[in-house]
Structures are given as C-alpha cells and as structure tokens.
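Please open the structure in a viewer and keep the selection tool at hand.

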Amino acid sequence: MPHGSIIESPKREAQTGTEGLRHILVVDDDPMVCMAIEVYLQRNNFRVTIAEGGEAGLRALEHQQFDLMIIDIFMPHMRGFESIRIFHELAPVIPLIAMSGYAFANLNSPAPDFLRMALELGAARCLRKPFTPHALLAAINDCLAEHRPDDDLASVSRLG
C-alpha cells in the first residue's frame with residue numbers, strides 16, 4: 001500500500017448498508033496497527049476508513065463525514081502533537097481518541113505525559129499502545145455516548 005493512502009473498508013458495505021453504521025477514521029503510519037484496528041472495528045459493526053499518515057487523514061476528513069477519529073500522536077511529516085491539534089481544529093465536534101506508543105530510550109528520566117498533553121489539545125480520550133481491543137471499544141463507546149449529534153439537533157430544533 002503506498003504511503004499516505006486512504007482505504008475505505010469494503011467488507012461491511014458489501015454485506016449491509018452503511019447508513020446505520022458509525023463511521024470511524026483511523027489515522028496511523030503503522031499498517032499493522034491500522035489493520036488490527038480495522039478488523040476489530042468491522043467485527044463490532046463500525047464502518048472504518050484507514051488513512052496511513054496525517055496527510056491522508058486530512059484528505060479523508062475533507063471528503064467524508066465521520067462519527068469519531070482515532071489519531072496517532074507521533075507520525076512522520078507532522079511534528080509531535082501537530083496531528084492532534086490540526087484534526088481537532090478542523091473537526092472540533094468529532095470526538096478524537098489520541099493514541100501513542102512512544103517509547104523512551106532512557107527509562108530513568110522522567111517522561112513527559114504525552115497523553116495528558118493530547119487531552120489538553122482536544123482529544124476526548126487517550127490510549128497508550130499497545131492497548132487491548134476491549135480498551136479500544138470502551139473508549140469508542142464512551143466517546144460516542146458523550147457526543148450524540150442527533151441529540152444536539154433535537155435540542156436546537158426545540159429551541160427554535
């Protein structure tokens with residue numbers, strides 16, 4: 001797969017209509033992480049778009065509607081937290097789960113709390129890689145339960 005590509009999961013679309021499925025954007029430069037998340041989310045009835053890297057993720061965000069984003073904090077061609085900040089600024093109403101597997105060479109030195117920093121930049125939840133499939137699903141379900149666009153529209157229509 002070429003770097004920076006966007007892959008829309010065809011599996012669920014072929015079996016059922018996608019109207020009722022929540023659409024999740026997964027942005028990570030590691031194809032193995034993307035594939036593992038994609039397979040697990042498809043099995044749990046989510047529609048998944050995979051973007052390998054930040055640029056591909058931004059292109060996907062411009063052209064499609066998503067219910068949730070799962071974004072790697074550290075990717076090539078983006079400086080550190082730039083990915084979280086940019087994705088949150090472009091789509092502030094879409095819940096964002098930040099993930100990081102950043103390892104430190106010197107375990108004796110205090111490590112900055114990257115996941116806490118991601119929360120301050122707009123992430124709704126953070127996951128430290130490697131995470132369990134259960135932890136991923138719990139974070140997704142928490143974010144989707146907290147952010148229901150239908151409820152927002154219903155409350156706006158009642159006010160008007």
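**A tour by selection**

Begin by selecting Cys126, which counts as partly exposed because its relative accessibility is 21%; buried means under 20% relative accessible area, exposed over 50%, and partly exposed in between, with a 1.4 Å probe and protein chains only. The model is a predicted one, in which local features need pLDDT of at least 70 and side-chain atom pairs count only at pLDDT 80 or more, while totals for chains, interfaces and linings use all residues. Residues are numbered from 1 along each chain as its sequence is written, and side-chain values use heavy atoms, with hydrogens and water left out.

**The cysteines**

A disulfide is a pair of cysteine sulfur atoms within 2.5 Å, and a search of the whole structure finds 0 of them. Select Cys34 next: this residue counts as buried, at 2% relative accessibility.

Now select residues 68-72, which form strand 4, the place of Asp72. Helices (H or I, at least four residues) and strands (E, at least two) are DSSP runs, numbered from the N terminus. An unreviewed UniProt entry lists Asp72 for "modified residue: 4-aspartylphosphate"; UniProt positions are given in the numbering used here, feature names are shortened, and annotations may be inferred rather than shown by experiment.

Is Asp72 buried or exposed? Its relative accessible area is 4%, so Asp72 is buried. Display its contacts, meaning heavy atoms within 4.5 Å. Not counting residues up to four places away in sequence, Asp72 touches Val27, Asp28, Asp29, Ser83, Met99, Ser100 and Lys129.

**Salt bridges**

Which residue forms a salt bridge with Asp72 at 3.4 Å between the closest N and O atoms? Select Lys129, the partner in that pair. Lys129 lies in the loop between strand 6 (125-128) and helix 6 (133-146), and Asp72 in strand 4, so the pair ties together parts that are 57 residues apart in sequence. A salt bridge is a side-chain nitrogen of Lys or Arg within 4 Å of a carboxyl oxygen of Asp or Glu, and by this rule the count comes to 5.

Move to Arg125. Its salt bridge with Glu146 has the closest N and O atoms 2.4 Å apart. Arg125 lies in strand 6 and Glu146 in helix 6, so this pair ties together parts that are 21 residues apart in sequence. Glu146 counts as exposed, at 55% relative accessibility. Salt bridges that share partners also join Asp28, Asp72 and Lys129 into one network.

Arg125 counts as partly exposed at 22% relative accessibility, and Asp142 counts as partly exposed at 38%.

Finally, select Met32, whose place is in helix 2 (residues 31-43). Met32 counts as exposed, at 55% relative accessibility.
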